[in-house]
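Welcome! Please keep both at hand as you go.

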Amino acid sequence: MAKDTMKYYATGRRKSAVARVWLFPGEGKILINRREADSYLCRPTNLKLIEQPLVAAGSREKYDVWCTASGGGLSGQAGAIRLGIARAILQVDPEARSSLKDAGYLTRDSRAVERKKYGRAGARRRFQFSKR
């Protein structure tokens, strides 16, 4: 199998969302859960977010992206897809590591929802206090 016809796979995670990303040579189409990216993500900011690693590596028009995203909301899924795309680009072009790393696209965002504690209405919110 020639290097140009190979598929590259990577996984990305953000909050409770998980994205499985396949990258293969093409003209720059992005499909998420078998739908076009602009119709799936709705917000233009989320669309820009997932294109960032491709633009930073200079391969926006070189590769097609096919991915499945599950869990969480659309913003979390967009962040997971961005990490997956960045990791897949590393397999294609290891020289792009410095530009992706400097932009922060290879770092997994570890922020997640804080758990609810007992004796509280939420993670930090207290129940309403009544003096009398």
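## The largest pocket

The lining of the largest pocket is made up of three nonpolar, four polar and six charged residues. Here Ala, Val, Leu, Ile, Met, Phe, Trp, Tyr, Cys and Pro count as nonpolar, Asp, Glu, Lys and Arg as charged, and the others, Gly among them, as polar. Of the 13 lining residues, Arg14, Leu49, Gly79, Arg82 and Asp109 lie nearest the centre of the pocket. Helix H3 gives the largest share of the lining, five residues, and the elements that give two or more residues are S1 and H3.

The volume of this pocket is about 210 Å³, taken as the space filled by probe spheres set on grid points that are joined across faces, edges and corners. A pocket is an open set of points on a 1 Å grid over the protein atoms alone, where a 1.4 Å probe fits, with protein on both sides within 12 Å along at least five of seven lines; lining residues have an atom within 4 Å of a point.

## How to read the model

This is a predicted model, in which local features need pLDDT of at least 70 and side-chain atom pairs count only at pLDDT 80 or more, while totals for chains, interfaces and linings use all residues. Residues are numbered from 1 along each chain as its sequence is written, and side-chain values use heavy atoms, with hydrogens and water left out.

## The sheet

Now for the strands. Five of them form an open sheet with mixed pairing, in the order S1-S2-S5-S3-S4. Strand S1 (8–14) and strand S4 (35–36) stand at the edges with a single partner strand each, so one side of each has no neighbour in the sheet. Helices (H or I, at least four residues) and strands (E, at least two) are DSSP runs, numbered from the N terminus, and two strands pair if DSSP finds at least two bridges between them.

S1 and S2 run antiparallel and are joined by seven bridges, with Gly12 opposite Ala19 in S2. Their hairpin has two residues between the strands, and Lys15 there takes a positive phi near 50°.

Phe24 stands opposite Asp64 in S5, and Val18 has Ser70 as its bridge partner. S3 and S5 pair in the parallel sense over three bridges, and Ile32 faces Cys67 of S5.

## Helices on the sheet

Helix H2 (residues 44–57) lies across S2, strand S3 (30–32) and S5, at about 140° to S3. Helix H3 (residues 74–92) packs on the sheet too, touching S1, S2, S3 and S5, and its direction makes about 145° with that of S1. Contact means heavy atoms within 4.5 Å. Axes are lines fitted to C-alpha atoms, for helices over the stretch in contact, and angles run from 0 to 180 degrees between N-to-C directions.

## Two loop residues

Which phi does Asn33 have, although it is not a glycine? Asn33 has a positive phi of about 50°, and its place is the loop between S3 and S4.

Cys42, not a glycine either, has a positive phi of about 70°. Cys42 lies in the loop between helix H1 (37–41) and H2, and is exposed (over 50%) with a relative accessible area of 59%.

Terms used. Buried < 20%, exposed > 50% of the residue type's maximum accessible area, 1.4 Å probe, protein only.
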